[in-house]
Amino acid sequence: MGSREAAASRRGIGDGHRSCAVHDHQPFLPEVAAGSIEARHAVVPLRRHLRRTEVVSGRATSIDHGSRTVTVRLVDGSTTTIGYDEVVVTAGAVTRVHPVPGVADAAIGLKCIEEAVAIRDAVLTAFDEAASLPPGAARSRRLTVTFIGGGFAGVEGFAEVLSLAHALIRSQPELSRDEVTFHLVDAGDHLLPEVGPRAREWVRRHLERRGALVHLRTTVTSLVGGNVTLSTGETFESGLVVWTAGITANPVIARHTDLPIDDRGLVVVRPDLRVGTVEDPVDHAWAAGDDAAVPDLAREGGAYTVPNAQHAVRQGKRLATNLVATLRGRRPRDYRHRSLGVIATLGLGHGIFQSGPVTITGFPAWVVHRGYHVLAVPTWERKLRVSIGWLGGLVLGRDIASLQTVQQPRAAFREDAGLRRLA
């Protein structure tokens, strides 16, 4: 193996969107937002578990496959160029944000671990503050939560945070469930388009029975000042707005590479996950996951695999096996995976699972969800930590301590310094 090839096989670079030395297990983000999983247990530290890999803390800003180089912006703002023999593009997707007035200032996403933690702390802090306020606009705003987007991320996050809110009501007698308002807004005709019609309807009714307000065929036209304005004309104040209205191609991959890109901004790959097409292959380049247009051989009609964790994890394993096989002179195999079904958590003790004609709802589906994802999270160490956390929550109940001040660690110090000057 040549020197550049060896370096390429041992080096991991940031995804171009944000820089970190951890891997988020994104299916756990809704439960992190609800406090059911400790945030640190939903991430895998790369340096600890990839011992033979050089992890570069920085952002990949461009890929020039013609010269076999990646440009990386390091944490100090400087840039460096890394050469390679083989490149694997698995940068993932980013949150799709529509040009709604006020969205950048008022909303938060649910794509990264820090966003999930911030959502949890925001809810805990808001409910704690509301319990000390008299009835009125300020109290109502803190007890109002809005999720925009009714796909899996939106519905799971919404239902988990709703479950957290109900638990908080039980621990804060100053508040009543009637005061808590949860809005779920989606432009489509139904929630969870990945499941069948009857299952979608069951999910909507289930959420409404728990007090949710579901707005279908509705868009958000303004979020200025935290005031949510819907296309129906309805307006209300919301203390927390979570944007989960889909994903889009990573802009670094879509606009800053000479690799072949389709009209969605995704890397064009062959069934064996090598970049290019059978007629026009691109040697020494591979891609998988949400930033790749992977042909779905389990379906007809030229379909592509859907961007979910089930495919991404399996594509990663197939890609690694194929890359090693190619380096050793063997023929790579095509990626083919028939979906095992779809599963979603809907809050503590609630869920839905659908596989073909079989649909399971309620507590059994929730158990299946937890069992599947604890097996899917990378490394046995993380599996054990998550399982112990779940067991602790089952016995001891939810941990409802907010750490929102952690997001501004110097605030108390600055305040103390100012008081000292005034003394």
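Phenylalanine 147 is buried, with a relative accessible area of 0%; here buried means under 20% relative accessible area, exposed over 50% and partly exposed in between, with a 1.4 Å probe and protein chains only. The model is a predicted one, in which local features need pLDDT of at least 70 and side-chain atom pairs count only at pLDDT 80 or more, whereas totals for chains, interfaces and linings use all residues. Residues are numbered from 1 along each chain as its sequence is written, and side-chain values use heavy atoms, with hydrogens and water left out.

The protein has 13 helices and 25 strands, these being DSSP runs numbered from the N terminus (helices H or I, at least four residues; strands E, at least two). Of its 423 residues, 46% count as buried. The accessible surface comes to about 21400 Å², and 54% of this area belongs to carbon and sulfur atoms; areas were computed by the Shrake-Rupley method with a 1.4 Å probe, and for residues only the protein chains shown count as cover. Among contacts (heavy atoms within 4.5 Å) between residues at least 6 apart in sequence, 64% join residues at least 24 apart.

The structure holds 3 aromatic pairs, where rings of Phe, Tyr and Trp (its six-membered ring) pair if their centres lie within 6.5 Å, and planes under 30 degrees apart count as stacked, over 60 as edge-to-face and the rest as tilted. The pair of phenylalanine 147 and phenylalanine 158 is edge-to-face, because the ring centres lie 5.7 Å apart with the planes at 85°. This pair links distant parts of the chain, with phenylalanine 147 in strand S11 (residues 144–148) and phenylalanine 158 in helix H7 (residues 152–171), 11 residues apart. Phenylalanine 158 is also buried, at a relative accessible area of 0%. A further pair, formed by phenylalanine 363 and tryptophan 366, is tilted, at 5.4 Å centre to centre and 35° between the planes. Both of these residues lie in helix H11 (residues 363–376), 3 residues apart, or about one turn of the helix. Tryptophan 366 counts as buried at 11% relative accessibility. Ring pairs also link Phe147, Phe158 and Phe182 into a cluster.

Charged side chains are placed over two further rings, by the criterion that NZ of Lys or CZ of Arg is within 6 Å of the ring centre and within 35 degrees of the ring normal. Arginine 264 lies over the face of tyrosine 304, at 4.9 Å from the ring centre, and lysine 383 over that of tryptophan 380, at 5.4 Å.

An open sheet of 3 strands has the order S8-S21-S20 and mixed pairing, two strands being paired if DSSP finds at least two bridges between them. Its edge strands, S8 (87–89) and S20 (274–276), each pair on one side only. Neighbouring strands are turned by 55° against each other on average, direction ignored. S8 pairs with S21 (residues 281–287) in the parallel sense over 3 bridges, and valine 87 stands opposite alanine 285 in S21. Helix H10 (residues 309–327) lies across S8 and S21, running at about 140° to S21; axes are lines fitted to C-alpha atoms, for helices over the stretch in contact, and angles run from 0 to 180 degrees between N-to-C directions.

Alanine 130 is placed in helix H5 (residues 113–130) and counts as buried, at 0% relative accessibility. With residues up to four places away in sequence not counted, alanine 130 touches Arg139, Arg142, Leu143 and Leu175. The C-alpha atoms of alanine 130 and serine 140, 10 residues apart along the chain, are separated by 7.7 Å.
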